[in-house]
Amino acid sequence: MTLAGVRPTVRVELEAAVTALAAAGIETSRLDAEWLLSDLLGVGRFDLYLALERELPGALLSRYEAAIGRRIRREPLQQILGWEAFRGLRLRVTGDVLVPRPETEVLAEWALELLPPPAGRATRCARRPLVVDVGTGSGCVACALAHERPDIDVIALDASPAAARVAQENARALGLADRLRVVAADLLAPVRGRGADLIVSNLPYLPTALLPSLAPEVRDHEPPTALDGGVDGLVWIRRLVGGVPRALRPAGALVLETAGGPQATAVAELLRGAAFVGVSVRRDLAGVARFVAGRLP
């Protein structure tokens, strides 16, 4: 990206990257250019502006140009960096899993609220609460719950063996593997009869016909099996709800992420029709009714 005779400084390369990304239609061109360069330099994003005249060595410059090229081809920033933050945790991200979304942090927050309160000293010998995360992907929700509630055990399930491996790597890297078990399996098959206290799930919920219209970062680089919810987006959610009574203890809670709006309303009705009580809907960060929860009687 450097012009002949121009020193390849942080300032020069950063501005060249911003220009190239903007020309490719990347709306977050400056932000992305900053993240990619700061990651390569091993510094904070704002620290770049304290070293604008630093000259970049040839090897690092080549890596930066390669990273910018990948972003121009609309590869997600998080896949290029190899990580994403979720509720204060840094999680490894690959093309085998969805990039954790900020709105899914609301799902994790609601799941925490639905758990039994931590046992006090007088009840420290009580049974440890069990949480099952269905469709765990990167393990973002499972890891967040295990990290924030050291008193619980978590089983994270995903139909994709590749995704399960990523989740397992994240659990190990965060020191959670002793309380968080990852299993590659279809929906709730491994936990039938386990009597979970909470089941949390972010299954594929997009209608199949919608997939071609998604942003290239999602359509071309994230696993379609983690997005495609069938004709109406509810194929996997229906299957899950139907199997929950065999895995959830009485008064246990189920909390789901949906596409929002009318689909959230449909899922709420689905839970009521399956005899769940106290069914309610919660809005995401943009104010869209997206999350649905209920309890077994």
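Buried denotes under 20% relative accessible area, exposed over 50%, and partly exposed the range in between (1.4 Å probe, protein chains only). The model is predicted, so local features need pLDDT of at least 70 and side-chain atom pairs count only at pLDDT 80 or more, while totals for chains, interfaces and linings use all residues. Residues are numbered from 1 along each chain as its sequence is written, and side-chain values use heavy atoms, with hydrogens and water left out.

**Exercise 1.** Determine how many residues of helix α6 are buried, and list them.

*Solution.* Helices are DSSP runs (H or I, at least four residues) and strands likewise (E, at least two), numbered from the N terminus. Helix α6 spans residues 140-148, and seven of its nine residues are buried. These are Cys-140, Val-141, Ala-142, Cys-143, Ala-144, Leu-145 and Ala-146.

**Exercise 2.** Find the aromatic pair in the structure and classify its geometry.

*Solution.* Step 1: rings of Phe, Tyr and Trp (its six-membered ring) pair if their centres lie within 6.5 Å; planes under 30 degrees apart count as stacked, over 60 as edge-to-face and the rest as tilted. Trp-35 and Trp-83 are its members, edge-to-face, with 5.8 Å centre to centre and 80 degrees between the planes. Step 3: Trp-35 belongs to helix α2 and Trp-83 to strand β1 (residues 83-86), so the pair ties together parts 48 residues apart in sequence.

**Exercise 3.** State whether Trp-35 and Trp-83 are buried, partly exposed or exposed.

*Solution.* Trp-35 has 29% relative accessibility and therefore counts as partly exposed. Trp-83, with a relative accessible area of 12%, is buried.
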